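Could you walk me through this protein? I would like to start with its aromatic side chains and then work through the charged pairs, the strands and the core.

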Amino acid sequence: MSRSTASTDIFQAIADPTRRAILDRLQHGEQPVKHLAEPFAMSLPAISQHLQILTAAGLVIQHRRGRQRIYRLNPASLKPVSEWIGQYEQFWTAKLDALGEYLEERA
């Protein structure tokens with residue numbers, strides 16, 4: 001898989017709000033599928049499909065503990081997302097600086 005294909009997979013994986021919510025839950029530590037599925041109004045197989053996509057993109061790592069599949073976040077795989085967003089940081093910094101100056105002038 002080429003680097004650009006891997007990046008595309010990561011962006012496609014995080015495009016779905018359910019998968020982003022799963023990643024958010026995994027920030028607090030590894031969890032079995034059953035615990036990850038609790039807040040969602042969907043079946044365990046549906047959650048498992050989302051986890052398969054996240055695993056294929058390298059965003060989560062799966063291992064077995066007895067009969068359970070345990071998932072944990074692989075934060076290093078989010079680096080391409082961070083780098084992409086970082087390109088726009090100078091835009092927001094400039095806008096926030098301008099807003100700060102405007103507010104100081106009005107005070």
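## Aromatic pairs, salt bridges, strands and core

Let's begin with the rings: searching the whole structure turns up three aromatic pairs. Keep in mind as you look around that this is a predicted model. A pair of aromatic rings is described by two things, the distance of the centres and the angle of the planes. For Phe 11 and Trp 84, the centres are 5.8 Å apart and the planes meet at 75°, and because an angle over 60 degrees counts as edge-to-face, so does this pair. Phe 11 has a relative accessibility of 29%, so it counts as partly exposed. Trp 84, at 43%, is likewise classed as partly exposed.

Now turn to Phe 91 and Trp 92. Their ring centres lie 4.9 Å apart with the planes at 75°, so this pair is edge-to-face too. Phe 91 is partly exposed at 41% relative accessibility, while Trp 92, at 53%, counts as exposed. Ring pairs also join Phe 11, Trp 84 and Tyr 88 into a cluster.

Next come the charged side chains, where the count is two salt bridges. One of them joins Glu 30 to Arg 65, with 2.5 Å between the closest N and O atoms. This pair, too, links distant parts of the chain: Glu 30 sits in the loop between H2 and E1, Arg 65 is in strand E2, and 35 residues separate them. Glu 30 is partly exposed at 36% relative accessibility, and Arg 65 is partly exposed as well, with a relative accessible area of 46%.

The other salt bridge is formed by Lys 79 and Glu 83, whose closest N and O atoms are 3.6 Å apart. Why are these two separated by about one helical turn? Because they are four residues apart in helix H5. Lys 79 counts as exposed, at 51% relative accessibility, whereas Glu 83, at 40%, counts as partly exposed.

Let's move on to the strands. Strand E2 (residues 60-65) runs antiparallel to E3, and six bridges join the two. To find your place in this pairing, look for Arg 64, whose bridge partner in E3 is Arg 69. The hairpin of E2 and E3 has two residues between the strands, and there Gly 66 takes a positive phi near 65°. E3 also pairs with strand E1 (residues 31-32), again in the antiparallel sense, over two bridges. Here Gln 31 is the residue that stands opposite Tyr 71 of E3.

Finally, look inside. Which residues touch the most other members of the largest nonpolar core? In this set of 19 residues, they are Ile 22, Leu 51, Leu 54 and Leu 59. At least two core residues come from each of helix H1 (3-14), helix H2 (17-26), helix H3 (33-37), helix H4 (44-56) and strand E3 (68-73).

Key
Residues numbered from 1 in each chain as written. Predicted model: local features only at pLDDT ≥ 70, side-chain atom pairs only at ≥ 80, totals over all residues. Heavy atoms only, no water. Core = buried A, V, L, I, M, F, W, Y, C linked by side-chain atoms within 4.5 Å. Buried < 20%, exposed > 50% of the residue type's maximum accessible area, 1.4 Å probe, protein only. Pairing = 2+ DSSP bridges. Phe/Tyr/Trp six-rings, centres within 6.5 Å; stacked < 30°, edge-to-face > 60°. Salt bridge = Lys/Arg side-chain N within 4 Å of Asp/Glu carboxyl O.
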